[in-house]
Amino acid sequence: MHDTAHAAHQAPTSFIRKHVFSLDHKVIGKQYYGLALAAVLIGMFLSWLMRIHLGWTNFAIPGLHLLSANGAPGDVMTPEYYLQLMTMHGTIMVFFVLTTAPFAAFGNYFLPIQVGAEDMPFPRFNMMSFWVTLTAFIVLLASFFVSDGPTLGGWTQYAPLSAVGAVAGPGEGTGVVLWAASIGIFCIGQLLGSLNFITTTLDMRTKGMSLWRLPMTTWAWFITSVMGLTAFAVLMPACILLILDHVAGTSFFVASNTVINDQLQPHAGGSTLLWQHLFWFFGHPEVYIAIVPGMGIVSHVLITNMRRPMLSHRTLVYSFGALAVLSYMVYGHHMFVSGMNPVSSLVFSFPTLIITIPSTIVVLIWLGSLYGSKLRINTASLFSLGFISMFIAGGVSGFFLAQPSLDIMLHATYFVVGHFHMVMGVAAMFGIFAGTYFWFPKMYGRMMNETLGKIHFWITFVGTYCIFMPFHYLGLAGNIRRYQAFVVDYMQPLIPVHRFITIAALTTGAAQLIFIFNLFYSRFKGEVAPANPWEATSLEWSTPSSPPPFDNFGGKLPVVYHDPYQYGIDGSTGDYVMQDSPEQIKTVRDEA
Amino acid sequence: MAKFFAVTIIVISILSAIPIVRHTWWMAQDISTHGQPIDDQMSETMAEAGISFLASQILLAVFIWMFSNSKPSDKVRNFPGGATTMVLGAFLLVGTEVLALGAFGAKAWANVYFTPPAANAIPIQVQAGQFAFYFRYPGPDGSFGPIHPNLLSEANQNFFGIDADHDPDSKDDIVTAEMAIPVNREIHLLMHSKDLGHSFFVPELRVQQDFVPGLDLSMHFTATKIGRYEIVCTQLCGLGHYNMKAYLSVMSQEDYDNWLKKQAALQ
Amino acid sequence: MATTVHEPPKLERRPATSGSNGGFRDMLPAGGLPRTAQQYAPPPASTGIWVVLAAIGMSFAALTSALVVRKGGSTDWRHFTLPSVLYFNTLLLIASSVTLEISRKRVAAFMGVGRVGEKPLRWLYLTLALGLAFVAGQYIAWRQLNAQGLYLATNPASSFFYVFTAAHALHLIGGLGGLLRVIMKLNNSSLRKTTMDATSRYWHFMDVLWVYLLLLLWMKL
Amino acid sequence: MKTSHTGKFAAVFTALMLVCSGSLLLDKKVSAAGSGSITGSVKLTGTAPHMKGIDMSKDPYCAKQHATDPAKMENVIVGSDGGVENVVLYITDGLQGAEASAVPSDEPKFDQKGCMYIPHVLVVDAGQKFQVITSDQTTHNIHPLPAPGTGNIGWNKSQPPGAPPIVTDWKAPEAISVKCNIHPWMHGWHVVVKGPYAVTDGSGNYTLKGLPPGAYTVTAWQEEYGTQTQKVTVAAGAPAKADFTFKAK
């Protein structure tokens, strides 16, 4: 394995090796970013279709039949098609956007640079991890083109609906098999990624780069990769068992005496709760896999723009660690009313409540560090502050969902949907945006357009609240999720709220096109970036050029002399000293 | 820009809080005997969550306002007490808060799930399937006949796989598409799913419980208010999930008896 | 780079500036070239292998819990006696671990003396053979079960048996690939000690994992 | 693909097809070959099974459609004089290639009205196109369940209110049970046959037309009581007679 790293250090010349099957972690990072970008556009498009349908159920969306003749006869969406879009939206967003963009994309690009390494230790595995992930994505999209369309089982793919096969509904045959195959493949990709991330952080740190000198981002990615390693390693066998129930006629997840369409199913004795246990053991850590890199990026960006280190670097790191550890003990709170023993519901509810403590510490440290800082306002810092606001808004609703007694009223309602969209969906997206605006100069050597960036931020920030706050109200009013129309009497008065949300969603979605435009415009027309536009300290800004040369540091590894965030001091270069500058300064010590 | 942002945050937070405070959209009125603790717990949690939400959002806004336009001459200052304050704050304020919540919540939960049904509770069996609920009353003999999966047939309106010719218990069983219960009588609901995972949710009754195929669960509750309510499915069960519902009529005892007679005649 | 020794020269860890101990690359002269860094740092293969083993361990833990839950709830679990050939396979696998250890020692010695003289391939080939024999043995076990009419879908017990044994066999075949790689590299003298160690750690883990699985299946099926 | 445009087109097309098929039928009539016919009645002995009423309260729309006349099961509908409705009669033996392979070109309709299927039993020729339409203001899903291995592939599609018709056909002769999962009581049949067929009316009478003279085996199919067969010889001109009697279980 190791000599592949050597091989990786003659810069490739052919276009294919340079840009397609590249071993360079920077290229792989960009490839991941591209994948996430494509995925998020598809996912957002699906959500538009869903929102329109929820607001105006019998509205004919012109040309929709072209997408699926069965799914939209006469351009009006059928119930099954709505559920299929919903499932694909969830799967694409959670796996191919929230997991790939902040973790795989930025992590691949910047983790090696931030630890002062020339590349990941296993470049071939790194390349594989991207191509495997891409394959997974293609397999998932393929299910749009099979006769019955994609699965309608929701991204949680609960058994037995997902396990009995096509009798249960359109897409529950081939669709589920493709879904499970795609996710199984995805797991392999992420395992390979985690392997590289962990070994890079542990073994590839340059001279003087002790663990406590790693930037917040590196810590976040490291902790995330440890979570990913354990979580995806559990999801993969689960997917295999699910596929076996389909293609091999086993009965892992289907109970006896299942009668569908007046036909007694040939399965026997399976445990339907088994899937939920396996899935959520992965599923809850997955939430943190999506959000912790965002927290890292936001801390990193904020520190730079606050011109001061966090109140306590270490406390923050420990809190991330605590989140990671706790995330494995709380998965049961997804199953309070699932028929699991009510005692275990209580047992699961307490760690779930306790997880608010590290989360609160993180937020308070952010807030406390804002105090007395010299805050600089730019698009990156705006999105970081927006992240904090979202994280708070989405976090407090966790108080409710952590309690079994309230889950009786809120389980499977829009309250839950609002909660996870805010805390893991939008918050993570804000993290991705912050990272993009912050690192774009390093990745492409040009600045992103600030004006467009700010417009993008304002619409997104306000729009997000307009979309997801009402979700909570709907949930309180008992509006059930995963409904394609509201024929239930007590839900009909809520339809106007849905229309409001739909309009907000379309507007906010449109604003994202500004971002896309900004990306491509700045890539080619943006003003050329200085070496260290944000006056930052971490190693990615010490590379000889932007974008960095093939081996990151121009054939000479940096030596680290300082803690990651030496801001607010009198350095020769200004109020900061870069990690690799030998200049002797009075170090900013963090307490605790 | 920064000041405007600060104001925006505060405005949004307050606007978000208003519908909650004014209960513009809120839980349906409680008609159960066990619901009160849940509602109290909800308001309790809402108060604490609301305060944390507003407090931290406003703090965020204020700090953005205060520190966004500092002069180069300004020195970076630390929050009094630094990180220690934060950690202590998190543990003392939030920690104790949520654990207290948890403890109270546990009691609310316990009196739903850890109490056995009364001896005189009316047993009613509910059959969940794609995409409807059907209900079975034991009839005069007070006992249900067995469910024969091979006899289950929607085409023949045999929703419980009843074999009245061979099972004496089944002879007088009453199967209905609507659930009627007498007011102020405890109901012991026996849950069975013939096919997939479903759920039984009546917001007014403050009950929600999944159906688990191969695992028959039961619930018990008492309705205190006459009226017609809806039972909805909250567990994604296929394309008809959105339309998987049934009506729950809470009646006076005599109405209930008459209704039951009428249904018996229709069998 | 024909027969160059890739081991880092035994330098004592110099405490890096301001009392911080950095990465393993602290041993590297200030501002060293990435190439030399490659030479100095102990290659991450030795860390990486533990990461890999952790992931594999997790997967099998998940399958184990699946078995426990599935069996706990079920009324249709039909016990069957494991094919006795499995016990023989176990001996083969344990033996292979022993031979691998021997070859590891030999290789270390061989590299220690600057890779002169005859390459110690014999024991590696023997390990490879034992590994292949084990896989073949597993195949025989499956055939025997088929003969009894026990297939993947026959009942949960057999389902889990096939899933576990197949999953383990696949991982073991991966190990065989690793062994082949070691042999190749030893042949063209580009073998690094850590590659050898990583491979053998993986192999021993497969060995231990199999013993665990055998106990699990023996107790649960 | 069914946009509103192609929808219109389909309608026009259907009309045209009906005209053509009409002329085709005329054509059949004049040819002496198909002049023979079989008539008769299908009766039920013993007490007819009780047809339970259907409670549609689950979907208020459906319930409203039957506010005045409550819906009942349609598995066995027996007339005043014991005649059984919805019995399908078709030829299982004796057809020459021509009649066997002739596929009518009209497209019978299978309507969803008041959350019931109209007709309850739809008879089509193997390979004959038919239309599934909905007259209801609630969404239905149509879910035919052919037995595996018959050559017919099952499907499951929803029809929202006002959705264009689903036009399709069945490949092989089979009695296929059709259901709606959203309204579990909705149950009907697609009976796929080869060659001429007839369905009994409310009083159990039928006339099987368009048969050339010859010896045939007539089969009567009833969803609850299965099939019965009779050998019948058809002469030119005078219709042959074949009465069937099912025994109540």
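Biologist: How many residues does the contact take from chain A and from chain D?

Modeller: This is a predicted model, in which local features need pLDDT of at least 70 and side-chain atom pairs count only at pLDDT 80 or more, while totals for chains, interfaces and linings use all residues. Residues are numbered from 1 along each chain as its sequence is written, and chains are lettered from A in the order in which they are written. Two residues are in contact if their C-beta atoms, placed from the backbone, lie within 7 Å. On this basis, the contact takes from chain A 14 residues and from chain D 16 residues.

Biologist: Which element gives the largest share of the side of chain B that touches chain A?

Modeller: The contact involves 90 residues from chain B and 88 residues from chain A. Helices (H or I, at least four residues) and strands (E, at least two) are DSSP runs, numbered from the N terminus. Among the elements of chain B that give two or more residues are α1 (2-21), α2 (35-67) and β7 (207-211). The largest share, 19 residues, belongs to α3(B).

Biologist: How many helices and strands are there in chain C?

Modeller: Along the sequence, chain C reads α-α-α-α-α-α. The count is therefore, with helices and strands taken as DSSP runs, 6 helices and 0 strands.

Biologist: What percentage of the residues in chain C is buried?

Modeller: A residue is buried if 20 or more other C-beta atoms lie within 10 Å of its own, exposed if 12 or fewer, and partly exposed in between. Of the 221 residues in chain C, the buried part is 38%.
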